[in-house]
Amino acid sequence: MPLVSVILPVYNGEKYLPDCLDSLAGQTLTDIEIIAVDNASTDNSAEILMKYAERDPRFLVIRQTPNVGPGGARNIAMKYASGDYLAFCDCDDTVPKDAYRILSEKAQEENADVVVADYEENIDGKVVYHRICGPGKNAFVVCEMGALWNKLYRRGFLEQNLLQFRQELHYDEDLLFLAMILECLPQYAMLGKPVYLYRRVANKKDSLSKLTSLASIKSNIVARTEYIRIISALGYQSASELSFYSFRFMFRKWYGIVDEKERKEALRLIQNFVEQECSWEKTCGRFKALLGMRPDEFSAVTYEEFIYLHHRYCFYRVSDSEENRFHYRAPQSAPPEVQTEHLFKSGKLGFRYIWKYFCNWCTYKIKKSGDAGR
């Protein structure tokens with residue numbers, strides 16, 4: 001039996017897949033198997049995988065139809081895995097040649113169920129080092145960044161605790177999986193060396209739209225609600241802190257939804273999440289800094305009110321890219337008083353915003369008169 005089983009879900013990854021497979025085949029730890037699940041790819045990913053499997057018997061390729069999501073693909077691979085330890089890899093990333101050797105050595109030395117290590121990030125060719133392990137870290141290091149790939153897992157520990165990915169979740173399933181591991185109180189070890197090269201493409205107009213849809217928001221809410229329950233019960237972070245950062249994450253993704261009907265429904269789901277999970281007393285200050293309103297106000301605002309009153313204000317506080325800010329900027333074609341009159345006549349503007357719009361109207365008039373006098 002191999003020492004390490006590397007699990008690789010693949011979906012339409014032909015662009016970077018050869019680099020990934022080369023890095024796995026070139027590991028200094030030769031006692032490994034690579035279990036790749038082609039998740040109903042529509043490009044040449046399956047053909048690329050089969051070529052590697054023909055050359056190297058350590059590759060096992062599983063063709064999966066229909067697509068079962070990344071979590072479902074990993075569950076399938078885990079059934080075939082025979083190694084003492086499991087590792088997870090994404091098909092657009094690469095693994096340093098010594099990674100699985102030093103991870104397995106650390107796991108054996110400290111009899112660890114989970115080994116957590118540092119990683120590097122490739123941002124358009126520039127490599128940035130991320131230090132995850134260090135003094136003062138506790139067991140929360142296992143799931144604090146929500147990544148599967150900078151870790152090694154004892155297969156027996158996962159099987160003993162019946163740990164699998166929630167197959168119905170196609171987003172944030174990895175975050176919840178790590179929380180479920182932490183809930184089982186694993187023996188963990190930390191390795192202060194980079195064991196993974198994560199690839200991220202920066203400055204793309206569609207970066208907010210990546211993996212963003214109504215389905216992704218629904219999955220995020222289910223996974224993060226359970227994640228909050230587990231982590232707060234273990235005492236690593238408060239439920240209010242976790243709920244606010246989960247809201248901020250989903251709220252930022254919401255801006256990438258293109259379909260208007262989906263955006264409206266997704267905003268309603270996020271509002272329900274805030275109403276149920278976010279404590280008014282403990283998160284009020286953070287909400288006001290981010291949104292300009294309290295969490296209870298956000299939960300009550302209509303979609304139309306939000307789009308016309310808060311959309312642009314809020315997005316400038318959640319976006320990390322000037323290019324994205326320009327690309328997703330709310331239309332400002334009409335002056336405030338015209339927008340207000342239209343919304344008020346159509347019954348879409350609540351009375352609590354009349355005063356705010358009156359102030360906006362006054363400010364607009366003063367500015368216009370000042371510009372005219374120049």
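A: The charged end of R55 sits over the ring of Y52, 4.5 Å from its centre. A charge counts as over a ring if NZ of Lys or CZ of Arg is within 6 Å of the ring centre and within 35 degrees of the ring normal. R263 likewise lies over the face of W254, at 4.2 Å from the ring centre.

This is a predicted model: local features need pLDDT of at least 70, side-chain atom pairs count only at pLDDT 80 or more, and totals for chains, interfaces and linings use all residues. Numbering starts from 1 along each chain as its sequence is written, and side-chain values use heavy atoms, without hydrogens or water.

Now the ring pairs. Rings of Phe, Tyr and Trp (its six-membered ring) pair if their centres lie within 6.5 Å; planes under 30 degrees apart are stacked, over 60 edge-to-face, and the rest tilted. The count is 23 aromatic pairs. In one of them, the centres of F244 and Y245 are 5.5 Å apart and the planes stand at 75°, so this pair is edge-to-face. F244 is buried, at 6% relative accessible area, while Y245 is partly exposed, at 45%. Buried means under 20% relative accessible area, exposed over 50%, and partly exposed in between, with a 1.4 Å probe and protein chains only.

F251 and W254 are stacked, because their planes are at 0° with ring centres 6.2 Å apart. Both belong to helix α8 (residues 239-254), three residues apart, so about one helical turn separates them. Helices are DSSP runs of H or I with at least four residues, numbered from the N terminus. F251 is buried, at 0% relative accessible area. W254 is buried too, at 0%.

The pairs join up. Ring pairs link F244, Y245, F247, F251, W254, Y255, F287, F298 and F306 into a cluster.

Some of these residues also stand out in the nonpolar core. Such a core is a set of buried Ala, Val, Leu, Ile, Met, Phe, Trp, Tyr and Cys residues joined through side-chain atoms within 4.5 Å. The largest one has 108 residues, and L8, I181, F247, W254, F298 and F306 touch the most other members.

F247 shows the local packing. Leaving out residues up to four places away in sequence, F247 touches I270, F273, V274, F287, L290, L291 and F298. Contact here means heavy atoms within 4.5 Å.

Definitions and conventions. Helix = DSSP H or I, 4+ residues; strand = E, 2+ residues; numbered from the N terminus.
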